[in-house]
Amino acid sequence: MITRFAPSPTGPLHLGHAYSALLNHDRAKAAGGTFLLRVDDLDQSRARPEWEAQLKDDLRWLGLDWPEPCRRESEHLGAYEAALDRLWEMGLLYPCHCTRRDIREALSAPQEGAPVTGPDGLVYPGTCRPATPPTGPRPEDTTLRLDMARACAALARPVLFEETGAGPDGQTGSIETAAQEMITSIGDVVLARRDMGAAYHLAVVIDDAAQGVTEVIRGRDLFEATRIHVLLQGLLELPTPGYHHHRLIRDETGKRLAKRDDARAIALYRSEGRTPQQLRDMVGL
């Protein structure tokens, strides 16, 4: 078994991160496998070396260990570019120049009905989608979307993965999604951003395959996005790992923790004299 924890070095790790990292580490070690740390630093405008150093220090304090050097996404841009080239040549990508405001306004038109929200936000209305796939070289420094209808047709089978945890509605076991549901509930997701190159959905698929990850263990907030990842794995002929989506750590009001929740930062608990076991107890491990 190979698992991974892939935080972004854009702020302090909190209790939710601790729970996910510990679960990844414990499940791998219990199976005699390997736990990997991966640094999601694609967004260089927000990633900071001091946050990377802090997150590693916090994880080691929790008792976690991993092979070094860990993978940094910013050092593997060529792999993401190659995947984008392949999808472009398959006729599955197209440039998009819409802003978030453009999308909201298009979806607010009376004839559109109620907007649908998917794992990538509002389901894109297809404003820039061409009638036929673009030809010529793939444009650089441009937002690129996946034509979901063409992608599902190219895959020619349902999207399928094995869930050993549970999704938001308790889904477990073999999770299958038909093409029409992919089109209507997810839509044309962004795979490359003008300001940062490869987007999360593409990078995570390439990284997991490159590192031989056999079980992806992460929060239930990413359960729906898994369908995007499995679709890309099929299109790029990459292995599909098993998936285990875990519960989210929430505050007293039931809201899931985010990096702005400094009051629950691991570093703060450390400064207060808490022990790693006490943090394990706090997250129920």
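Is K56 buried or exposed, going by its relative accessible area? The views below start there. This is a predicted model, where local features need pLDDT of at least 70, side-chain atom pairs count only at pLDDT 80 or more, and totals for chains, interfaces and linings use all residues. Residues are numbered from 1 along each chain as its sequence is written, and side-chain values use heavy atoms, with hydrogens and water left out.

**View 1. K56 and the residues it touches.** K56 is buried, at a relative accessible area of 9%. (Buried is under 20% relative accessible area, exposed is over 50%, and partly exposed is in between, with a 1.4 Å probe and protein chains only.) This lysine sits in helix α2, residues 49–61. Helices here are DSSP runs of H or I with at least four residues, strands are E runs of at least two, and both are numbered from the N terminus. Skip residues up to four places away in sequence, and K56 touches L37, W66, E68, C70 and R72; contact means heavy atoms within 4.5 Å.

**View 2. Helix α3 crossing helix α7.** The axes of α3 (residues 77–89) and α7 (residues 200–210) come within 10 Å and cross at roughly 110°. Those axes are lines fitted to C-alpha atoms over the stretch in contact, with angles running from 0 to 180 degrees between N-to-C directions. That makes α3 and α7 roughly perpendicular to each other (angles under 35 degrees count as roughly parallel, over 145 as roughly antiparallel, 65 to 115 as roughly perpendicular, and the rest as oblique). On the α3 side, A79, Y80, A83, L84 and L87 make the contact, meeting L202, A203, I206 and D207 of α7.

**View 3. Cysteines without a disulfide.** A disulfide is a covalent bond between the sulfur atoms of two cysteines, and here the pair has to lie within 2.5 Å to count. The structure holds zero of them. For C96, the closest cysteine sulfur is in C98, 4.0 Å away and too far for a bond. The sulfur of C98 has its closest cysteine partner in C128, at 3.6 Å, again too far for a bond. C96 is buried, with a relative accessible area of 3%, while C98 is partly exposed at 21%.

**View 4. P125 in its loop.** P125 lies in the loop between β6 (121–122) and β7 (144–146). This proline is partly exposed, with a relative accessible area of 27%. Leaving aside neighbours within four places in sequence, P125 is in contact with I103, A106 and L107.

Key:
Left-handed = near helix turned anticlockwise from the far one by under 90°.
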